[in-house]
Amino acid sequence: MKAYELLYIVDPSANEEVRAGVTARIDAAIVGQGGQIDNVDDWGKRKLAYEIDGLSEGNYILVNFHADPTHVRELDRVLRITDAVKRHMIVVRTNAE
């Protein structure tokens, strides 16, 4: 399994219940495919560099995880169809084993 880093931005108008649901859905997508979540870091609400769908702020969440490279595609699909997630990016962590 490779080490990955996922950063996603949730709509700032979403309440805590919606954010928890999004986090649970992403966790299930990773663990359900045999992956392992190393760390979840909620950065909170931050200003965006540019407007996305008329929003100037977003809630940033960083997830470090290990997964099989073939299962990252499924995680990307789940993130794309989740309405509360405005942007996301998955990258390989080169400094992790």
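## Surroundings of R93

Leaving aside neighbours within four places in sequence, R93 is in contact with A3, Y4, E5, D38, N64, F65 and H66, where contact means heavy atoms within 4.5 Å. R93 is placed in the segment after β4 (85–92); helices (H or I, at least four residues) and strands (E, at least two) are DSSP runs, numbered from the N terminus. The side chain of R93 reaches the backbone oxygen of Y4 at 3.2 Å. Such a polar contact is a pair of N or O atoms within 3.5 Å; within protein, one must be able to donate a hydrogen and the other to accept it, and residues adjacent in sequence count only if both atoms are side-chain atoms.

R93 counts as buried because its relative accessibility is 16%. Buried means under 20% relative accessible area, exposed over 50%, and partly exposed in between, with a 1.4 Å probe and protein chains only.

## Basis of the values

This is a predicted model, in which local features need pLDDT of at least 70 and side-chain atom pairs count only at pLDDT 80 or more, while totals for chains, interfaces and linings use all residues. Residues are numbered from 1 along each chain as its sequence is written, and side-chain values use heavy atoms, with hydrogens and water left out.

## F65 in strand β3

F65, one of the contacts of R93, lies in strand β3. Its relative accessibility is 1%, so F65 counts as buried. Not counting residues up to four places away in sequence, F65 touches K2, A3, Y4, E5, L6, I30, Q36, I37, D38, L75, I90 and R93.

The axes of helix α1 (residues 16–31) and helix α2 (residues 72–81) come within 9 Å and cross at roughly 165 degrees. That angle makes α1 roughly antiparallel to α2. Angles under 35 degrees count as roughly parallel, over 145 as roughly antiparallel, 65 to 115 as roughly perpendicular and the rest as oblique. The axes are lines fitted to C-alpha atoms, for helices over the stretch in contact, and angles run from 0 to 180 degrees between N-to-C directions.

R25, I26, A29 and I30 in α1 meet L75, V78, L79 and I81 in α2. The residues of this contact divide into seven nonpolar, no polar and one charged. Ala, Val, Leu, Ile, Met, Phe, Trp, Tyr, Cys and Pro count as nonpolar, Asp, Glu, Lys and Arg as charged, and the others, Gly among them, as polar.

I30 lies in helix α1 and counts as buried because its relative accessibility is 3%. Leaving aside neighbours within four places in sequence, I30 is in contact with G35, Q36, I37, V63, F65 and L75. I30 and L55 are 25 residues apart in sequence and 28 Å apart in space, C-alpha to C-alpha.

A28 is also found in helix α1. With a relative accessible area of 48%, A28 is partly exposed. Between A28 and L75 the C-alpha to C-alpha distance is 9.4 Å, at 47 residues apart in sequence.

T82 is placed in the loop between α2 and β4. At 8% relative accessibility, T82 counts as buried. The side chain of T82 reaches the backbone oxygen of V78 at 2.6 Å, and V78 is among the α2 residues that meet α1. Leaving aside neighbours within four places in sequence, T82 is in contact with V22 and R25.

I52 lies in strand β2 and is buried, with a relative accessible area of 4%. I52 touches K86 and R87, not counting residues up to four places away in sequence. The C-alpha atoms of I52 and A67, 15 residues apart along the chain, are 29 Å from each other.

D53 lies in the loop between β2 (36–52) and β3 (55–67). Its relative accessible area is 61%, so D53 is exposed. Phi of D53 is near 55 degrees, a positive value in a residue other than glycine. Most residues other than glycine have a negative phi.
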